[in-house]
Amino acid sequence: MATRKAAFIYSTELERYAYPPEHPFNVDRARKVRELLKSMGLLSGDGRSEVAPRPAERIVLKKFHSARYLHALKTASEGKWDAEAMDMGIGTGDCPVFRGLYEYAVLASGGTVVGAELILSGDAEAAFNPSGGFHHAGPERASGFCYINDVALGCIVLAEQKKRVLYLDVDVHHGDGVAYAFYKRRDVMTISFHENPRVLFPGTGFEDEIGSGEGKGYCVNVPLPVGTYDEAYMKAFEAIALPLIGAFNPDVFVLQLGADALAGDPLAHLYLTNNVYVEVINHLLDFDRPILATGGGGYNIENTVRAWALAWTVLCGAYSEQEENLAVGGVMLGNTEWQGGLRDRRLAVNDQQHKTVMPAVEAVIGSVKAKVFAIHGL
Ligand SMILES: [Zn+2]
């Protein structure tokens with residue numbers, strides 16, 4: 001497999017911040033991914049490099065967020081927030097106020113903007129910001145653990161340079177903030193695979209949300225049933241995403257790699273293994289376009305760290321089926337269940353899942369195809 005110029009975006013500066021201890025969002029995941037990859041020798045050599053994020057500049061933040069919201073966020077970060085801020089979702093259980101929250105959000109998001117710039121300049125063919133992926137934030141709204149929508153900003157920065165952007169979101173939650181940012185546009189196509197919104201936050205992302213006006217057909221939602229397993233997921237991905245990507249013919253991918261769709265995630269109910277992420281990334285690599293990837297959700301920490309480390313090895317072209325076990329030999333993964341490498345073991349699928357999941361996935365595939373394929377001449 002060919003290696004490619006790949007930038008891993010991280011700085012120890014990010015370690016100065018943390019959500020409150022009882023909050024499920026663990027910013028330490030990115031540090032752990034870096035540590036694991038470093039121990040495997042996979043952050044340098046063969047075109048790989050580490051790049052530090054810069055805080056996203058105000059002029060960039062304002063491409064998506066309102067001045068009023070940014071002001072409220074900064075003020076809250078300094079310990080002062082009021083009813084107006086609460087109205088914008090700042091200081092809720094999901095989006096608590098904590099010290100340095102603004103600085104953290106702007107630095108973590110700045111990493112995704114740096115990734116977009118590296119791709120635009122040709123300095124990277126793949127960039128991965130494991131501290132990014134805040135897909136729920138709205139222009140004037142903190143939501144679902146997200147304050148600054150770095151992935152929307154990354155898409156905007158790329159689209160401003162006339163790039164056709166394919167945003168793919170495999171987080172278990174609907175990528176609502178990004179989908180609605182480009183709902184009326186056709187230069188950024190958004191495709192989100194997520195758990196059925198009837199049972200999971202944010203309650204949007206049904207098949208009939210397909211964009212509007214000029215953007216009609218350029219927003220694609222694939223809601224999946226509880227218990228969706230690898231084979232069913234890949235069936236939906238190959239039936240829906242691959243033809244649409246081919247028809248759209250993007251210049252660049254923005255990939256939100258939330259790992260909360262993995263089996264055992266405490267906040268969701270899909271049944272995937274990280275083998276799905278290998279397959280998804282390999283499919284994208286077949287299109288031979290640059291990929292800007294980010295983290296996202298993922299609340300089983302060890303599984304998330306392993307999934308993102310695996311994703312990086314595939315993104316940068318270092319993944320080798322034969323060498324994988326050797327490469328990880330001797331590395332303590334801190335996971336008592338599995339020490340055999342970065343890949344998850346295959347999970348057994350029971351009869352009940354076969355009987356209920358696959359037909360439901362097939363119905364969703366049919367429904368999405370009926371709503372958007374004709375718009376793209378498919
Ligand atoms: Zn999520």
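**Terms set against their values**

Modeller: K162 counts as exposed because its relative accessibility is 72%, where exposed means over 50% relative accessible area, buried means under 20%, and partly exposed lies in between (1.4 Å probe, protein chains only). This is a predicted model, in which local features need pLDDT of at least 70 and side-chain atom pairs count only at pLDDT 80 or more, while totals for chains, interfaces and linings use all residues. Residues are numbered from 1 along each chain as its sequence is written, and side-chain values use heavy atoms, with hydrogens and water left out.

Biologist: Why is D46 called exposed?

Modeller: D46 has 52% relative accessibility and therefore counts as exposed. D46 lies in the loop between α1 (28-39) and β2 (48-51), and its phi is near 50°, again a positive value in a residue other than glycine. The peptide bond from F201 to P202 is cis, with omega near 0°, and P202 is found in the loop between β5 (188-195) and β6 (219-224).

Biologist: Why is A152 called buried, and what is it in contact with beyond its neighbours within four places in sequence?

Modeller: A152, in helix α6 (residues 150-160), counts as buried because its relative accessibility is 0%. Leaving aside neighbours within four places in sequence, A152 is in contact with F64, V178, A181 and F182, contact meaning heavy atoms within 4.5 Å. A152 and A181 are 29 residues apart in sequence, and their C-alpha atoms are 6.9 Å apart in space.

Biologist: Why are α3 and α5 called oblique to each other?

Modeller: The axes of α3 (residues 67-77) and α5 (residues 101-121) come within 7 Å and cross at roughly 125°; axes are lines fitted to C-alpha atoms, for helices over the stretch in contact, and angles run from 0 to 180 degrees between N-to-C directions. Angles under 35 degrees count as roughly parallel, over 145 as roughly antiparallel, 65 to 115 as roughly perpendicular and the rest as oblique, so α3 and α5 are oblique to each other. In this contact, L70, L73, K74 and S77 of α3 meet L101, Y102 and E103 of α5.

Biologist: What makes D171, H173 and D260 the donor residues of the zinc ion?

Modeller: The zinc ion is coordinated by D171 (OD), H173 (ND1) and D260 (OD) at 1.9 to 2.1 Å, and donors are N, O and S atoms within 2.8 Å of the metal (3.2 Å for Na, K and Ca), so these atoms qualify. Water is not among the atoms, so sites may look incomplete. The spacing of the donor residues in sequence is D-x1-H-x86-D, and both D171 and H173 are buried.

Biologist: How do you know that the span of α10 is close to the expected one?

Modeller: Helix α10 (residues 301-315) has 15 residues and reaches 21 Å from its first C-alpha to its last, close to the 21 Å expected at 1.5 Å a residue, the expected span being 1.5 Å times one less than the number of residues. Of its 15 residues, 14 are buried.

Technical notes. Helix = DSSP H or I, 4+ residues; strand = E, 2+ residues; numbered from the N terminus.
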